[in-house]
Each structure stands twice: as C-alpha cells, then as structure tokens.
Amino acid sequence: AGGVGRNIAENLARLGTDCRLISVVGDDDHGRLLMRLSREAGVDVSNVHIIDSAPTSTYLAVIDEAGEMTVAVNDMGIADQLTPGVLRQCEAMLRQASLIVLDTNLPEETLAWIAREFADKPIFVDTVSAAKAPRIRRHLGAVHTLKTNTLEAEALTGLEARTIPQLEKMAEQLHAAGVARVFVTRGSEGVFNSTREKKGSMAPGAEKPAVRNTTGAGDAFLGGLVHAHLENRNLGESLQFALTRAREKIS
C-alpha cells in the first residue's frame, strides 16, 4: 500500500516484530485506507498523525510486462509535516526502541535531529529515490545500515556504481563517512553488500523468478534485514533471509 516506511513496517509486523510506525496521513479516504491496512497487518499506528490541511501521500507507477517500473510520479509533500517538533512527541518511545528505520522522504532537518539524538541506536536508512538520497549525505555517520540502489547510490556519493570495482570504491567512501553496512540492490543481478570489516561482494539474485511486480520488493528486503538484525543473525544469514522476503514479494 506504500509508502516505503509504511511498507517496511508492514513487512516487519507480518514477521512478528513489534513495530511502531511514526508517519502522517491526510484526513481523507487514502489516509483511512492506509491506517486500516496497517492495523490489519499488525502495525501499531498510534503515532501516525492525521492532518486535515494536506492530502495523504500518493504514488503512481507504470509497470511494464516484465513487472518492472518504467516511470513513476508522486506527491509526498505531507511528509514535510514530520518535523523534529512532531517527533519529539514520540521521543520517549524512540529512546526505548531497539533500532530505528528511516526513509529519505523525511525532511533533512528531521533526519539531522534523529541522527543527532539517537546516534547510540542502530539506524537503518532506505534512500527511496535518486532525488531524495542526498538528504542523508551529511548524516551518514549515524547510519548503521544503508539500503540503496544503483541510481540512488550514485546520487548520494557522486560516484559511478555500475561495476564491482566502482561499487567497492563507493562503499569505501560510505564506510569512511561512518556507515557500517551497505546494501545496493541490483534487480536480477542480486545485491552488492559491504561492511567495514569485509570487502564488498555480490549476493546473486534469484534464478529468473516469475516476476509479478517489483514494487515493494526493496521494502521487503530491508524489512528482512531489520528482522534478521533483531534476531542477531550474521551477515550471510541476514542476506539470505532478506532476499527470500524480496523474492516472495515479486513472485
């Protein structure tokens, strides 16, 4: 149902994780639908703010015959309402959290506040789009796990990220900035993954799965990484678990 943060929350809730969603929706049919679907999935939405002055975020994607997105447009303007002032209302809950998951639809001032106030916690970030990925650039020192794709990684770092050597160079830059783990999803090629302790490598994709729709697969992947981290799984186990979640989403 979208957006990225909400989809990740749904994946976590369906895996049995106690998950609290902090977000905003409009006082409209789309907002009520998202609240209902999230509750039905097991997501705690008591910290989702309903705003009557802006419409709920919308996203329209055109999917081709192979299940791949060809073009998309969105209006996520309501996310600008998630200011540090609004999040301070949830500060006690955030301080009790085992980890925090962010996406870059958030305003940069909010990303900065979270990075500053909760740097002691594992922070997982989804870069969402090439246009919004740079919002996290100045706050990479607080990021534990960064999930991105090729275009978003290039927009974030200013480096090409097409070949394995290029991906390794890009990961080195991100690690130097403070990111502990980097995951670059590359469709059927698999996932490039790198940690501060281990040189980057590719985890292969599925053997030509019957793709129904790739929308949400990256969200399922990151949800799997979060769940695996909470279960203290090692990198290899975490990757396989997350890839399985993504493959189940597209097939």
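Predicted model: local features only at pLDDT ≥ 70, side-chain atom pairs only at ≥ 80, totals over all residues.
Leaving aside its neighbours within four places in sequence, which residues is leucine 102 in contact with? Residues are numbered from 1 along each chain as its sequence is written, and side-chain values use heavy atoms, with hydrogens and water left out.

**View 1. Leucine 102 and its contacts.** Beyond those sequence neighbours, leucine 102 touches Leu111, Ile114, Ile123, Phe124, Val125 and Asp126 (contact means heavy atoms within 4.5 Å).

**View 2. The largest nonpolar core.** Here 35 residues come together, and Leu102, Ile114 and Leu174 have the most contacts inside this core. A nonpolar core is a set of buried Ala, Val, Leu, Ile, Met, Phe, Trp, Tyr and Cys residues joined through side-chain atoms within 4.5 Å; buried means under 20% relative accessible area, with a 1.4 Å probe and protein chains only. Apart from it lies another core, of 28 residues, including Ile8 and Cys19.

**View 3. Helix 1 beside helix 2.** The axes (lines fitted to C-alpha atoms over the stretch in contact, with angles from 0 to 180 degrees between N-to-C directions) come within 9 Å and cross at roughly 25°. Helix 1 is therefore roughly parallel to helix 2 (angles under 35 degrees). Helices are DSSP runs (H or I, at least four residues) numbered from the N terminus.

View 4. Cysteine 19 is buried at 10% relative accessibility, and cysteine 90 is buried at 3%.

Terms used: Buried < 20%, exposed > 50% of the residue type's maximum accessible area, 1.4 Å probe, protein only. Helix = DSSP H or I, 4+ residues; strand = E, 2+ residues; numbered from the N terminus. Parallel < 35°, antiparallel > 145°, perpendicular 65-115°, else oblique.
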